[in-house]
Each structure stands twice: as C-alpha cells, then as structure tokens.
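Here is a short report on one protein chain. Look at the whole fold before turning to single residues.

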Amino acid sequence: MTSVSASASFSVKFHSGIADIDALTWNRLAGTDYPFLRHEFLKALEDSGAASRTSGWEPLHALVYQHGEHEPVAMMPLYLKTNSYGEYVFDWSWADAWQRHGLAYYPKLVTAIPFTPCAGPRICVHDPAQSAAILPALVSAVQERAWTLGASGWHLLFPEESLSAQLQTLDAEQRIGCQYQWFNAGFRDFEHFLEKFSSRKRKNIRKERRKIAEAGIVFEILEGADIDAGHWQQFYLFYQGTYRIRGRQAYLPPGFFQRIGALMPENLLLVLARKDDDIIAGALSFKGGQTLYGRYWGCTEEYQFLHFETCYYQGIDYCIRQGLQRFDSGAQGEHKIQRGFEPVLTWSNHWIAHPAFKAAISHFLVEESRYIHDYVARASEFLPFRQEGDI
C-alpha cells in the first residue's frame, strides 16, 4: 500500500513494506557503505517477521519525489511503532507520563534501523544541494502523517550529527547519548595499538588475551560465503542464549540470519571461538566502508575474558589488518573504556505533537544534555592511554 503527501515542490510517498520499493532504486539513494540501510538488510528484517506490525515495527518507508520526476530524489526508513522495544534510545518514562495523564503514547512514528543502535545515514538525498529544500518538505509530510494516524510524535534515532543539527531547526528536539568506539590511528598490529596504553593497562590486556590462549581457545574468522547454514544454526543458539539468560525473547528469528547470509554476505564477519572440537562462542559483525559494526554475540561455555576476546580484541585485530578506521561496538558497556574504546556522543531527534508534553520534554533534554556532556568528559579521563612522560 502506498500513500502520498505533497508540498509545493515535492511529493512524499509512504510504502507499507520495503518489498514495494525497487532494491536498485533504494540502494542508489542509500549507498552501500552503511550496511544497515541497505534494501537487503531491511528486507531480511521484514521477511523474517522481525520488523512487522506484530513485532511493533510496522513499515511506512518514505520516498520523496520532485514534481515532474519519476525517480525518487530522497528516501527515509520509517515505522509505525506500538512499543519501544529494540530502539536503544529509551523513552519508557515518556510513555509512562502520557499514560498517567490518560493519553496514548503509542502509536508513534520512528525513523530508525530496527534493533540496531549504530549511528549512520537516516535521510538520504540524491543531490546534496537539494537537502535544504527537501528536508522541510519531508518533515512536514511526516508530521502530517503523524496527525492522520493519531501518533504522539516522530522520533529519528542515531542519525549523523549534521542531520540532527538540521532537524533541530525544524522543530525536532535534539537528544544526545553516549557510546564507546575504537579508532584506528594507523596501527601496524595489536601490539602497536597497545603501545598507546600505560604500562599497567597494557599488561592487563596482555593478561586477558593470554588467559584465553592458555585455556586452549582458538579463533576462526569467517567472511561472506564461507558462513554456511550450519554456522548460522550454531550462531543462532549463541545469540538466543544471550537473551534467554535475562529471561527475554530474542528480537531476531533464525530466518533473519539465514536471509542476510544469502542477501549481503560481503558485509558479514563471523568470529568463532573453538575449544578442542567444539565451537563455544561466536560474534557477528557487519562491515561498512571504513567501519566494523559489532552486533551480536553469545556462548555456550563461560571463560574469563572470553567475551572481551571474541567481541573486542578479535574485532580490533581485524580492523588493523584490513585498514578499517573505526570499530563501533554497539550500545552501552563502560568496561570498553579500559580496553581502548573512547566515549563518543550519539544523537536523536524528537518531534512531539502534544504542546504541553513537548515543553516538558524540551526542558528534560536540556538537563539531560548537560549530564551527558559531563559524563563523556569524565569517562574520557579513564581511558587507558598513557600520558606524556609515562612509560
């Protein structure tokens, strides 16, 4: 199903599934450097049922057309949400406030990559020179759609900083958060990376890696088509287990992993940990143009430091070998700081339809922003890197 909103120069068409949009058309706008916006990734989510009306992620993707043109000039993923699961920008307290006042927070409109807290493109424009004209038309169309659907607002999660700043001028309040990422300063190998550490911190990392080696655990790196159906079956047991121990249901079904393995193998990196003849742990990452995105992990046997080695050190090793410039390890995890992952800001934007709640949230975001900036400054002081004069 397709619906249309129009402005003086542009029309916006909303699509109820990524399958309704030609893959070449979508990827021409989205590009392929950021794997999570690829048509193939979004289609795997929808085909597997992970992103659907049932899961609370009902697709409503937007294409922007210039009047007189047959090809879209911009695109944006969009979902009608009936819960706040899988977003990683937490607004449960906002939903509670709506409910306490007898109002409905859901549905809401969300521009995000489902279950993926990785910053990247969210609105893609074919000709950047047109962005200043297209963005207001698109935002206006989304707001109009929110009113039509009775949505409480529109939330755009984990955009690039430049887009977030633009949306601030269009009545979509900015919210900031913090994640931890590794940056490649031209390291020759892992030991060269450790030279950046203070002596004590360097010894700690070497000790953690040595413990895993002494336990007889070795690692296998699989890419692309080398990941077969058996690997996916084994990995899904790891992935599902990370949720089961918390008493929760995994967001992604087995079919999702089989589909991405078939549709976008060139973007996949699977690290497997072996003990004797058994695979005991695995971590799945996605490869972008210059970035490795760590996404999912799990294990069937617990060993001290196994998580750090499988998810972080093997990924850093890979980035150094391949010349990747950044390792985005996903949301949360202060323990990453001591392992060389730097605290960085993330952004989101929020347009709230209700005037009183809009004012209250605006005040909250100002206070929260002060706290986050202060936290990032303080967290940076705990980085393990040596200071001038240290050995």
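What percentage of the 391 residues in the protein chain do buried residues make up? The share is 57%. Keep in mind that this is a predicted model.

**The whole chain**

The secondary structure comes to 11 helices and 16 strands. Along the principal axes, the C-alpha atoms fill a box of roughly 65 × 45 × 45 Å. A compact globule with 391 residues would have a radius of gyration near 21 Å, and the protein chain has 22 Å, so the two agree. Now take contacts between residues at least 6 apart in sequence: 74% of them join residues at least 24 apart. The protein chain exposes about 17,200 Å². Carbon and sulfur atoms supply 51% of that area.

**Two residues**

The table sets out two residues by relative accessible area.

| Residue | Relative accessible area | Class |
|---|---|---|
| N27 | 14% | buried |
| F90 | 44% | partly exposed |

N27 is found in helix α1, residues 23-30. Why does N27 count as buried? Its relative accessibility is 14%, and buried means under 20%. Leaving aside residues up to four places away in sequence, N27 touches R38, H39 and E40.

F90 sits in the loop between β6 (79-81) and α3 (92-100). F90 is partly exposed because its relative accessible area, 44%, lies between the cut-offs of 20% and 50%. On the surface, F90 forms a nonpolar patch with Y85 and W92. Together these residues have about 330 Å² of accessible area.

Key:
Residues numbered from 1 in each chain as written. Predicted model: local features only at pLDDT ≥ 70, side-chain atom pairs only at ≥ 80, totals over all residues. Heavy atoms only, no water. Patch = residues over 30% accessible without salt bridge, like charges linked within 9 Å, V, L, I, M, F, W, Y side chains within 5 Å. Areas by Shrake-Rupley, 256 points an atom, 1.4 Å probe, with all protein chains shown as cover. Salt bridge = Lys/Arg side-chain N within 4 Å of Asp/Glu carboxyl O. Helix = DSSP H or I, 4+ residues; strand = E, 2+ residues; numbered from the N terminus. Buried < 20%, exposed > 50% of the residue type's maximum accessible area, 1.4 Å probe, protein only. Rg over C-alpha atoms; globule rule 2.2 N^0.38 Å. Contact = heavy atoms within 4.5 Å.
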